[in-house]
Amino acid sequence: MLTVLESGTPIEFSFPDLMKYHGPHFPGGVAHAYCALRHAVAVLGPVERREVTVRTAFPGPGGRDAIEMVLRAVTGDRFVVAPELTATERGTTLARYVWEFRYRDRIVLLRLRDAGFVADEFIELGARRDRTPADEQRLTVLKQEMTDRLLAGAVGEVYEEVPQPTR
């Protein structure tokens, strides 16, 4: 479970809760945001949901919807897809799985661990524009496999905190 505060009142979210809001199409993106959020809250402690700002290199709709449901950050104009956070030195598979959470005077920067959570095949197939019906079926399988791997990891096993870059 993921717990945030709304005016001091705890609100709990499960992964299935987030999937009900998002729908069935991008469970991996929802899982990435859920894992990153859980890690950020573990580091920051209890957070007032409407005071958290999120910047990420991850452009997926599943991630955006998860952030919106938990933090109301999209409608609150506190969610930004920030391409400059892309960690190109980590390669195509890992580059975009970077999340920055700001809460009051604290910032937590997280990136996906290089531990096989995302398959190269998933990234390659997802980027193809000429997918066949068989490709779409395979992509659906890869999405679910990735989701299962992400959700099986404990906080700290999926995402890792990294130092803030010097600006």
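I started with S7, which counts as exposed at 67% relative accessibility. The model I am reading is a predicted one. I looked up where S7 sits: it lies in the loop between β1 (2-6) and β2 (9-13). Then I checked its backbone. S7 has a positive phi of about 55 degrees, although it is not a glycine. I noted the background for this: most residues other than glycine have a negative phi.

I looked up D77 next. D77 lies in the loop between α3 (61-71) and β4. Its phi is near 55 degrees, again a positive value in a residue other than glycine. Is D77 buried or exposed? I found 68% relative accessibility, and the cut-off for exposed is over 50%, so D77 counts as exposed.

**D17**

I moved to helix α1 (residues 15-22), where D17 is found. Its relative accessible area is 24%. Buried would need a value under 20%, and exposed a value over 50%. D17 is therefore partly exposed.

Which residues does D17 touch, leaving out those up to four places away in sequence? I found E12 and M69. I also checked D17 against M1, 16 residues apart from it along the chain. Their C-alpha atoms are separated by 9.9 Å.

**Helix α2**

I tested the length of helix α2 (residues 27-44). It has 18 residues, and at 1.5 Å a residue they should span 26 Å. The end C-alpha atoms are 25 Å apart, which agrees.

How many residues of α2 are buried? I found 15 of its 18, so I wrote down that α2 is mostly covered. I also looked just past the helix. There G45 takes a positive phi of about 85 degrees.

**α2 against α5**

Two packed helices are described by the angle between their axes and the distance between the axes. I looked up both values for α2 and α5. The angle is about 15 degrees, and the axes are 8 Å apart. Angles under 35 degrees count as roughly parallel. α2 and α5 are therefore roughly parallel to each other.

I listed the residues that make this contact. On α2 they are P27, G28, A31, H32, Y34 and C35. On α5 they are K143, Q144, M146, T147, L150 and L151. I noted the handedness too: α2 passes α5 in a left-handed crossing.

**Helix α4**

I turned to helix α4 (residues 120-127). Here F122, I123 and L125 are buried. What covers the buried residues of α4? The cover includes α5 (133-152).

**The sheet**

I finished with the strands. Strands of a sheet pair through backbone hydrogen bonds, either parallel or antiparallel. I traced an open sheet of 5 strands, in the order β4-β3-β5-β6-β7. Its pairing is mixed. Which strands stand at the edges? They are β4 (79-81) and β7 (159-162). Each has a single partner strand, so one side of each is left without a neighbour in the sheet.

I followed one pair in detail. Strand β5 (residues 98-103) and strand β6 (residues 106-112) pair in the antiparallel sense. I found 6 bridges between them. As a last check I picked E100. Its bridge partner in β6 is L109.

Technical notes. Residues numbered from 1 in each chain as written. Predicted model: local features only at pLDDT ≥ 70, side-chain atom pairs only at ≥ 80, totals over all residues. Heavy atoms only, no water. Helix = DSSP H or I, 4+ residues; strand = E, 2+ residues; numbered from the N terminus. Expected span 1.5 Å × (residues − 1). Buried < 20%, exposed > 50% of the residue type's maximum accessible area, 1.4 Å probe, protein only. Contact = heavy atoms within 4.5 Å. Pairing = 2+ DSSP bridges. Axes fitted to C-alpha atoms, helices over the stretch in contact; angles between N-to-C directions. Parallel < 35°, antiparallel > 145°, perpendicular 65-115°, else oblique. Left-handed = near helix turned anticlockwise from the far one by under 90°.
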